[in-house]
Amino acid sequence: MIYTVTINPSVDCLMEVENFHLGKTNRASTQKMVPGGKGINVSRVLKNLGTRSEALGFIGGFTGAFIKDELEKESVFSSFIETEGNTRINVKMKTDTETEINGKAQEISNEHIQKLLIQLDELKSEDLLILSGSLPSTLPADLYNTIINRLNEKNIYVCVDTSGEPLKAAMKASPYMIKPNQAELEQLYEENVKNLDDAVKLARKAMADGARHVLVSMGGEGAALVTKNESYKAAVPKGTLINSVGAGDSMVAGFIHILTQSGSLEEAFKYSVAAGSATAFSNGFCSAEDVEKLLPEVLIEKV
Ligand SMILES: Nc1ncnc2c1ncn2[C@@H]1O[C@H](COP(=O)(O)OP(=O)(O)OP(=O)(O)O)[C@@H](O)[C@H]1O
Ligand SMILES: [Mg+2]
């Protein structure tokens, strides 16, 4: 089974407001509530692609119940640990520009963390775990590191998509894969990444620092994959950018979807780029048909 972990999920409230005035009562012309959180996104995209997964992490209160219900409606399995407070609400407001107010993270106690670790101890060697998203500042930055170390003992593949200190700490535990975007890679090594060659260079550094595979995404500029023996670059398909939210999560889902089917890293890379772009070119997340359509346009080059 594939498991995703979202430590700090959210209910995302998306609103469009015409003629927004600060300090006045404004009215939304459209509104939509959706489950948010990167691991949850990965699970939802995996479902679209036809791969079963189970979403883990922490939820609480009526907002947490909403997430559980929405996933159930989409037939995405979940087994969250319930916390006392409400899962946060993130307001994403579209006016002439886009403004976000992210709610305060729910409180996660040491007991909750222990429950998660015990849950993860049940994973078996053929399982795969995806750790996605930031960690609330109240939690230890090495939480992902702790999880990876525990699962490494059973040879379970762990993929990590996070940034900053949690990413640095996670790398020390030799995760199967990390998926930094351009900014995350730059932050990791305090170096500019101007193009895919720079990305490959720093990805190799990340391999020396512990990661076993590095998948780098650079939005519309392309992507790179560095493995033990090979490095690949990909040009992304051309299309109209509609919404890049979740493009990175779709990329992770696409990669895992093919990796678990064929075991080919190159094919998984190609499909991951098509999945990321298919989401970037659509409202919401990509479908399997969207990805298949773009696949022939993804050109992979060995470097
Ligand atoms: N403008 C674009 N044109 C084509 N493809 C895109 C574009 N933006 C994103 N993608 C696709 O999505 C993938 C991931 O994009 P990106 O680098 O923006 O991820 P990210 O920053 O991790 O996103 P997320 O917000 O989900 O974390 C890219 O490798 C590419 O395949
Ligand atoms: Mg990302």
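Biologist: Is Asn90 buried or exposed, and what is its relative accessible area?

Modeller: This is a predicted model, and the values are computed from it. Asn90 is found in strand S7, residues 88-94. The cut-off for buried is under 20% relative accessible area. Asn90 is buried, and its relative accessible area is 4%.

Biologist: Which residue has its backbone nitrogen 2.9 Å from a polar atom of the side chain of Asn90?

Modeller: Leaving out residues up to four places away in sequence, Asn90 touches Ser10, Val11, Asp12, Cys13, Ile101, Asn102 and Gly103. One of these contributes its backbone nitrogen at 2.9 Å from a polar side-chain atom of Asn90, and that residue is Gly103.

Biologist: How much of the accessible area of ligand 1 does the protein cover?

Modeller: A side-chain N or O atom of Asn181 is 2.8 Å from an oxygen atom of ligand 1. Backbone N or O atoms also lie by ligand oxygens, at 2.8 Å for Gly248 and at 3.1 Å for Val273. Of the 630 Å² that ligand 1 has on its own, the protein covers 84%.

Biologist: Which elements give two or more residues to the shell around ligand 1?

Modeller: The ligand is surrounded by 21 residues, the closest being Asn181, Ser217, Gly219, Gly248 and Ser277. By class, ten residues of the shell are nonpolar, eight polar and three charged. The elements that supply two or more residues to this shell are helix H8 (247-262) and helix H9 (265-280).

Biologist: Within what arc do the buried residues of H6 fall, seen down its axis?

Modeller: Helix H6 covers residues 182-189, and its buried residues are Glu184, Leu185, Leu188 and Tyr189. They line one face of the helix, because seen down the axis they fall within an arc of 115 degrees.

Biologist: What covers the buried residues of H6?

Modeller: The cover includes both strands and helices. Among the strands are S10 (157-161) and S12 (214-217). The helices include H5 (164-171) and H7 (196-208).

Biologist: At the start of H6, which residue's backbone nitrogen does a side-chain oxygen of Asn181 reach?

Modeller: Asn181 has already come up for its side-chain contact with an oxygen atom of ligand 1. At the start of H6, a side-chain oxygen of Asn181 comes to within 3.2 Å of a backbone nitrogen, that of Ala183.

Biologist: What is the relative accessible area of Ser75?

Modeller: Ser75 also has a positive phi, about 60 degrees, although it is not a glycine. Ser75 lies in the loop between helix H2 (61-73) and strand S5 (77-78). Ser75 is partly exposed, and its relative accessible area is 44%.

Biologist: Why can the buried residues of H3 be said to line one face of the helix?

Modeller: In H3, residues 110-120, the buried residues are His112, Ile113, Leu116, Leu117, Gln119 and Leu120. On the other side of H3, Asn110, Glu111 and Ile118 are exposed. The buried residues line one face because, seen down the axis of H3, they fall within an arc of 160 degrees.

Biologist: Which helix is included in what covers the buried residues of H3?

Modeller: Strands in this cover include S1 (2-6), S4 (53-60), S6 (81-83) and S9 (128-132). The cover also includes a helix, residues 143-152, and that is H4.

Biologist: What is the relative accessibility of Ala141?

Modeller: Ala141 has its place in the loop between S9 and H4. Leaving out residues up to four places away in sequence, Ala141 touches Leu135, Glu165, Pro166 and Ala169. Ala141 counts as partly exposed, with a relative accessibility of 35%.

Biologist: How far apart in space are Tyr157 and Ile130, C-alpha to C-alpha?

Modeller: Tyr157 is in strand S10 and is partly exposed, at 35% relative accessible area. Tyr157 touches Asp127, Leu128, Leu129 and Tyr176, not counting residues up to four places away in sequence. Tyr157 and Ile130 are 27 residues apart in sequence, and their C-alpha separation is 8.5 Å.

Definitions and conventions:
Residues are numbered from 1 along each chain as its sequence is written. Chains are lettered from A and ligands numbered from 1 in the order in which they are written. This is a predicted model: local features need pLDDT of at least 70, side-chain atom pairs count only at pLDDT 80 or more; totals for chains, interfaces and linings use all residues. Side-chain values use heavy atoms; hydrogens and water are left out. A residue is near a molecule or strand if one of its heavy atoms lies within 4 Å of it. A polar contact is a pair of N or O atoms within 3.5 Å; within protein, one must be able to donate a hydrogen and the other to accept it, and residues adjacent in sequence count only if both atoms are side-chain atoms. Accessible areas come from the Shrake-Rupley method with a 1.4 Å probe; for residues, only the protein chains shown count as cover. Helices (H or I, at least four residues) and strands (E, at least two) are DSSP runs, numbered from the N terminus. Ala, Val, Leu, Ile, Met, Phe, Trp, Tyr, Cys and Pro count as nonpolar, Asp, Glu, Lys and Arg as charged, and the others, Gly among them, as polar. Buried means under 20% relative accessible area, exposed over 50%, partly exposed in between (1.4 Å probe, protein chains only). The arc is that of the directions from the helix axis to the C-beta atoms. Contact means heavy atoms within 4.5 Å.
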